[in-house]
Amino acid sequence: MSNKIVLTKMVEGSRNVIFHVYLESDGIEGELENAILIDPTKDLSPEVTDKRQYKITQIWSSLVWFDALLTFDALDKFPSWLIARDSENYIDFRYFGGIKDKSDAEHSGEIRITTNGFAEKGSRGTMIIELKKP
């Protein structure tokens, strides 16, 4: 068995897309390190041409036994948001327009995850991530 990252597109409109993410540790593979959560070339329709134009606008999360750091992929990683363990969380970034990719042209636009404490068998969590399209 391997660690699970299950991404499900819940809603997609012309301006927003909402994803459900389920994470579960197998207790063997260890931490997730820069694992791809959302790839705009595969997960958004139509494909976003300037990947820096979409933004994270809201996150709902519930993580058991681990923390998660979300980042945008680039030559240099840009930390975006740390989600703490063992609590239900909701954060709304719409007040200031959302969190956007601040990387340069050398980027894929992927949203990635790195965990702390996920290696323990039984670690699992869910996230709902809303993105605003350009």
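Visitor: Which backbone oxygen does the side chain of K9 reach?
Guide: In this predicted model, the side chain of K9 reaches the backbone oxygen of D43, at 3.0 Å.

Visitor: And which side chain does K9 make a polar contact with?
Guide: The partner is E12: the side chains of K9 and E12 make a polar contact at 2.6 Å.

Visitor: Where is K9 found?
Guide: K9 belongs to strand 1, which covers residues 4–12.

Visitor: What does K9 touch, leaving out residues up to four places away in sequence?
Guide: With those left out, K9 touches V17, I18 and F19, and also D43, L44 and S45.

Visitor: How does K9 count in terms of accessibility, and why?
Guide: K9 counts as partly exposed because its relative accessibility is 36%, and that class lies between under 20% for buried and over 50% for exposed.

Visitor: How far apart are K9 and I129 in space?
Guide: Their C-alpha atoms are 9.7 Å apart, while K9 and I129 are 120 residues apart in sequence.

Visitor: Turning to D67, where is its place?
Guide: D67 lies in strand 5, made up of residues 67–72.

Visitor: Is D67 buried or exposed?
Guide: D67 is buried, because its relative accessible area is 17% and the limit for buried is under 20%.

Visitor: Which backbone nitrogen does its side chain reach?
Guide: The side chain of D67 reaches the backbone nitrogen of R85, at 2.8 Å.

Visitor: What else does D67 touch?
Guide: Not counting residues up to four places away in sequence, D67 touches R85 together with L82, I83 and A84, as well as T114, T115 and N116.

Notes. Residues numbered from 1 in each chain as written. Predicted model: local features only at pLDDT ≥ 70, side-chain atom pairs only at ≥ 80, totals over all residues. Heavy atoms only, no water. Helix = DSSP H or I, 4+ residues; strand = E, 2+ residues; numbered from the N terminus. Buried < 20%, exposed > 50% of the residue type's maximum accessible area, 1.4 Å probe, protein only. Contact = heavy atoms within 4.5 Å. Polar contact = N/O pair within 3.5 Å; in protein donor to acceptor, adjacent residues only side chain to side chain.
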